[in-house]
Amino acid sequence: TERADNSVRLVRLTLNLLAGEDANSLPLLTWLHQLALRNSLVSDEVPTAPQSRRVFERALIASMGDVKDQASVGSNLQSIRQAAAAVRERMSPDHWNEIEHAESDFLQSSADMAHESGEARYSTLAAQRMLERAASALAAMTGAQTDHMTRDDAWQLLSIGRHIERLGFLTYALASGFESGSVHSIAGFESMLALFDSTITFHARYQQRRDAAAMVDLLVLDHDNPRSLSWVSHALTKRLHRLPSTAAGVNSDLAQALPDTRTWDHEALCEPGDEVHYPVLMRLLEDCEAAAYEVAGSISAQYFTHTFESHQSVGA
């Protein structure tokens, strides 16, 4: 659910920016292309956004409902339904119906769009309507998972998975934004806030400020923002300590892979640096992303059974 929500938010943001006044900004286009490529929303064969904005946009719209692509919005919605089917008895009828409807509505709308001719096949307006409905459905799913499911070991793993996805996605997005320089423009700065779903909070707190120090304070260090890296890392650590251990110290070892947010220093993170912009911040983001996937691998190895039958000979 978290992965689908990230994909929907990213595609909506990208389509809005490609149709906006800043669509010719090279740093912004570079950032959007890096995120789309990293999250497999377009293939590496598609021209980059700076090379051909229109071709990139069409490829992004066309791939939304491609269930063969394991990272498309449609594929993520399908995966939610498949995962939910395995635990159908743990869900309320409303929760299950929301999941089924979200998948069928999005895939049917994608199929209808694919059968259109000319510009209608790549209609940004139609795509945005589909994504808006998907976003609402995902919000309902998340609410059901948060408010109506028993907090047993399985739910702890569900919550851990959500935080791992969020930490990995947001750390890469922020690092890419600084590397490409997109955050130094008004459109890029606002886009980063939107991707973190923190626009309202930021402007309520900082008014018209648009500087790195304010961004780092809210998106990296804030302990009350559920989208800040500090909050996500801290929540993930708490969830890990609640997992059942099969050996002494297993949980603490998992949590130790995550950075200690108490050592994060605002002044150091905002130090511009010489050859590399914000070197301390960039190292922190790199460590957070690596830690998220290290924890995922450790949990998978510790708590899940890996069995499969190979149908290929060695060297096939």
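**Entry 1: burial of the cysteines**

A residue counts as buried when its relative accessible area is under 20%. I kept that cut-off at hand while looking through this predicted model. I looked up C270 and found a relative accessibility of 17%, so C270 counts as buried. Next I checked C288, which has a relative accessibility of 0% and therefore counts as buried.

**Entry 2: looking for disulfides**

A disulfide is a covalent bond between the sulfur atoms of two cysteines. How many disulfides does a search of the whole structure find? I got 0.

**Entry 3: a pair of helices**

Two packed helices are described by the angle between their axes and the distance between the axes. I picked α1, which covers residues 2–18, and α4, which covers residues 73–86. Their axes are 9 Å apart, and the packing angle is about 160°. An angle over 145° counts as roughly antiparallel, so that is how α1 runs relative to α4. I also noted that α1 and α4 cross in a left-handed way.

**Entry 4: who touches whom**

Which residues make the contact between these helices? From α1 I listed R3, A4, S7, V8 and V11, and from α4 I listed V73, N76 and I80. Sorted by class, the contact of α1 with α4 has 5 nonpolar, 2 polar and 1 charged residues.

Notes
Residues numbered from 1 in each chain as written. Predicted model: local features only at pLDDT ≥ 70, side-chain atom pairs only at ≥ 80, totals over all residues. Heavy atoms only, no water. Axes fitted to C-alpha atoms, helices over the stretch in contact; angles between N-to-C directions. Helix = DSSP H or I, 4+ residues; strand = E, 2+ residues; numbered from the N terminus. Parallel < 35°, antiparallel > 145°, perpendicular 65-115°, else oblique. Left-handed = near helix turned anticlockwise from the far one by under 90°. Contact = heavy atoms within 4.5 Å. Nonpolar A, V, L, I, M, F, W, Y, C, P; charged D, E, K, R; others polar. Disulfide = S-S within 2.5 Å. Buried < 20%, exposed > 50% of the residue type's maximum accessible area, 1.4 Å probe, protein only.
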